[in-house]
Amino acid sequence: MEEFFQQLTNGLAVGGIYALIALGYTMVYGVLKLINFAHGDLFALGAYLGLTLLTSLGLNSRVGPLAGLALLVVFVTGLVALAGALLERAAYRPLRQSPRLSAVVSALGASIFIQNTIMLIYGSKIHVYPKGILPAVAVNIFGLQVPLVRILVFVVSLLLMAALFAFIQKTRLGTAIRAVAIDQDAARLMGINVDQVIMIVFLIGPGLGGVAGLLVGLYYGQVNFTMGWIYGLKAFTAAILGGIGNIPGAMLGGLILGVIEALGAAYVSVAWKDAIAFLVLIVILIARPKGLLGERVADKI
Amino acid sequence: MNRRMWGIIAFVAAMAAVPFCLNPYQVDVFNNIGLYALLALSLNIILGDAGMYNMGHAAFYAVGAYTAAFLNTQLGIGILWTLPISGILAGLVGLVLARPVIHLRGDYLLIVTVGVGEIVRIALINNVFGVTGGPNGIFGIARPVFFGFKIAKPHEFFFLIWGFVALTVLLFSSLKNSRFGRALDYLREDHVAAEGSGIDTARYQLLAFMLGAAWAGMAGCLYASKMSIISPESFNFWESVVIFIIVILGGSGNIAGVILGAFLIVGLPELFREFKAFSQARMWFFGLAMMIMMVFRTEGILPPRPRVFKDIDRNVS
């Protein structure tokens, strides 16, 4: 049982990261019906920016580990959000009225572009996060020794998800985002500035993705420039699993995918880990074609 | 003769000159372009004509390549004889995989095909059924023999590959003007209306998927014969993405556009390789160029022209 719960907590931490990235996919999809393939690379950008800030600013020694980490989260969020908004302006806005797949190819181009920008700046070698940012201690939860970093990753992702959920449900701007997701033209007629709302979505989504990158760096201790592909694909799978366009769905999908992967790797086969995740996705989609929480929309006649 | 015919003649003449004018390395680049043109033409049936988002096309490419490699190395069947078998098997795999998911819409189908592609690749790495050779793949695939003539050098493969491309183009362009092609046009543009007019949409979609998968399988067979060694990494997610990009960027639904797309996507990075200063940054430029091209040519470089029905005009007047 010890092994099972260790894998479960590991799966929840990784799932929290997947969920954070998946939120970016699902929010962008909600307002633009666009799969933002560059999102995974914005996540990788977050991981690298986190590394640079961590080593160059030395926040830990100045303000202490916890405040330093909080500041780091703020900086990375801000910078990656800015990159996301720039991307929207340059690569997606001109394609708003064109066939959907054209924007997808533009997104793929953006993905290659960002990935290689990281490669040209940092080089193609694996980079290691400095050790000792977080004390390497384990916390005792009901007799289970859980590493502190695992708890921190899970708690940070849960807090961010809760904050986002409150923002979307309770604020004026959140209501505007939901309105644009339902019907852009009607939202525009109601006096909502659609361009501005889309810009804000492209600030929030990549911002969360950037934090996820930072968390991956802290959790695994190393980053490489192609990591955006794999995490992006997993997170997109999570978003589809939960029902794309649906914010609680992305959170649920991310956590489920993380747990399935961790348990699958532990009990079935490490070599088939990724295949198991996709197999579960296919089975779920055969049973529920719009994902777990996706709404059933009748075909228009 | 109209301008279009002259364009085709000029293109064929230029291509026929390639193996006599260029060095083996450059001819090999053209061979790669030909293989990707085949793959993109096969995906074009699924994505461009039937409008089904498939981003796991490398899976069928892999099935074809591994079928050919297995039959050739284990049973000693001539590689060109395995061409139809590769196609049939890849088509059947496509049918079996697509059958339960064909009703999924747009992006849901896209991620399922991505998943299928990954599952196939992982299965190949894990040496499923003990016939795929694991991460190392299969090597020692024999060279093709065409009526007693052994094909081994790049310029010999050039004729094999581009001959097959020419055959494919002839076949697919007449298919476009058939009942099948018109049905696909209809169901892509308006699924519900097509169904309402009595088109069995699920059947046509499955047929299109099977045909595309089968053609990718045959491209896989040609690839195996050209490389004489295949491994799972040749059929990863990135390959599927490249084929997808070729179709959309070239002009989805248009055969000439798709072939042009293959030249740009496979050929341009090779051109950059020539400049030493660019070699590090060539993929950076590639990504940038993709974004710029899509922003300025939002429907692809050569979008299909709308169908013209001459007979109808005649009947009316």
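**Close-up views of a predicted two-chain model**

**View 1. Helices α1 and α11 of chain A cross each other.** In this predicted model, the axes of helix α1 (residues 2–32) of chain A and helix α11 (residues 247–267) of chain A come within 6 Å and cross at roughly 145°. Axes here are lines fitted to C-alpha atoms over the stretch in contact, with angles from 0 to 180 degrees between N-to-C directions. Helices (H or I, at least four residues) and strands (E, at least two) are DSSP runs, numbered from the N terminus. The crossing of α1(A) and α11(A) is right-handed, meaning that the near helix is turned clockwise from the far one by less than a right angle. Their contact has 18 nonpolar, 10 polar and 2 charged residues. Nonpolar covers Ala, Val, Leu, Ile, Met, Phe, Trp, Tyr, Cys and Pro, charged covers Asp, Glu, Lys and Arg, and polar covers the others, Gly among them.

**View 2. Chain B meets chain A.** Here 33 residues of chain B are in contact with 36 residues of chain A; contact means C-beta atoms, placed from the backbone, within 7 Å. On chain B, α5 (106–125), α10 (237–251) and α12 (282–296) each supply at least two residues of the side touching chain A. That side of chain B divides into 23 nonpolar, 7 polar and 3 charged residues.

**View 3. Chain A has 12 helices and 4 strands.** The C-alpha atoms of chain A fill a box of roughly 55 × 45 × 40 Å along the principal axes.

**Reading the labels.** Residues are numbered from 1 along each chain as its sequence is written, and chains are lettered from A in the order in which they are written. In this predicted model, local features need pLDDT of at least 70, side-chain atom pairs count only at pLDDT 80 or more, and totals for chains, interfaces and linings use all residues.

Definitions and conventions:
Two residues are in contact if their C-beta atoms, placed from the backbone, lie within 7 Å.
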